Amino acid sequence: SSIGQRKWIVAGKASTALAMVLLNETEFLSRLTALYDLNRSVGTVYMSMKRFAGRLASARRRRPLKQAEAAEGQEPRCLVRAFSNKKHSKISCVVQAKDLVQFQLALGNIMRQQMDGLKTREKTKEERKRDREEKQKAKAAKEAAKGVKKDSAGEKEASSKKKAGKKQKK
């Protein structure tokens, strides 16, 4: 039996099915990149994140008092799942609270990198007009802030002497 396979005996017959594979953070991120690549031209990748307080607390979720008792003393973790419409594409990962920020940054980078196939939305006439007006206002404000540069009398004389000196050397 390979990793992620489980066997069930139903009505006397043994069958194998691939279950969701629980991975560590780095392996999850690399498999997620591969999953995005598989679905680049056609397909969708779904992701979910939720609080995870342990298997015992998850098993007792229908009884809130027992669930709270089971989760007591457990540091909260985050369960991250990803899958696509293709078969056997389910992956998951449990991230500790202390590693969550680093994991989310890496996850954000991967998602940003894979979202290059999105089409830009066409702007309406009003939006184009508003953008044009904002650019004109910004340009006018920039020119007004810049102003006209005026030389002082001493700077004019120094610059004219430098120019005269250069002409004589030639």
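Start the tour with the aromatic rings: there are 2 aromatic pairs in this structure. Rings of Phe, Tyr and Trp (its six-membered ring) pair if their centres lie within 6.5 Å; planes under 30 degrees apart count as stacked, over 60 as edge-to-face and the rest as tilted. You're looking at a predicted model, where local features need pLDDT of at least 70, side-chain atom pairs count only at pLDDT 80 or more, and totals for chains, interfaces and linings use all residues. Residues are numbered from 1 along each chain as its sequence is written, and side-chain values use heavy atoms, with hydrogens and water left out.

**Stop one: Phe28 and Phe103**

Select Phe28 and Phe103, a tilted pair with 6.0 Å centre to centre and 40° between the planes. Phe28 sits in helix α1 (residues 25-38) and Phe103 in helix α4 (residues 100-114), so the pair ties together parts that are 75 residues apart in sequence. Helices (H or I, at least four residues) and strands (E, at least two) are DSSP runs, numbered from the N terminus. Both Phe28 and Phe103 are buried. Buried means under 20% relative accessible area, exposed over 50%, and partly exposed in between (1.4 Å probe, protein chains only).

**Stop two: Tyr46 and Phe83**

Now pick Tyr46 and Phe83, whose ring centres are 5.2 Å apart with planes at 25°, so this pair is stacked. Tyr46 belongs to strand β4 (residues 45-52) and Phe83 to strand β5 (residues 77-84), 37 residues apart. Tyr46 is partly exposed at 36% relative accessibility, and Phe83 is partly exposed too, at 33%.

While strand β5 is on screen, click Arg81, which is also placed there. Arg81 is partly exposed, at 31% relative accessibility.

**Stop three: salt bridges**

Next up are 2 salt bridges, each a side-chain nitrogen of Lys or Arg within 4 Å of a carboxyl oxygen of Asp or Glu. Go back to helix α1 and show Arg31 with Glu27, 4 residues apart or about one helical turn. Their closest N and O atoms are 3.4 Å apart. Arg31 is partly exposed at 36% relative accessibility, and Glu27 is partly exposed at 33%.

Then jump to Asp131 and Lys123, bridged with 2.4 Å between the closest N and O atoms. Asp131 is partly exposed at 24% relative accessibility, while Lys123 is partly exposed with a relative accessible area of 42%.
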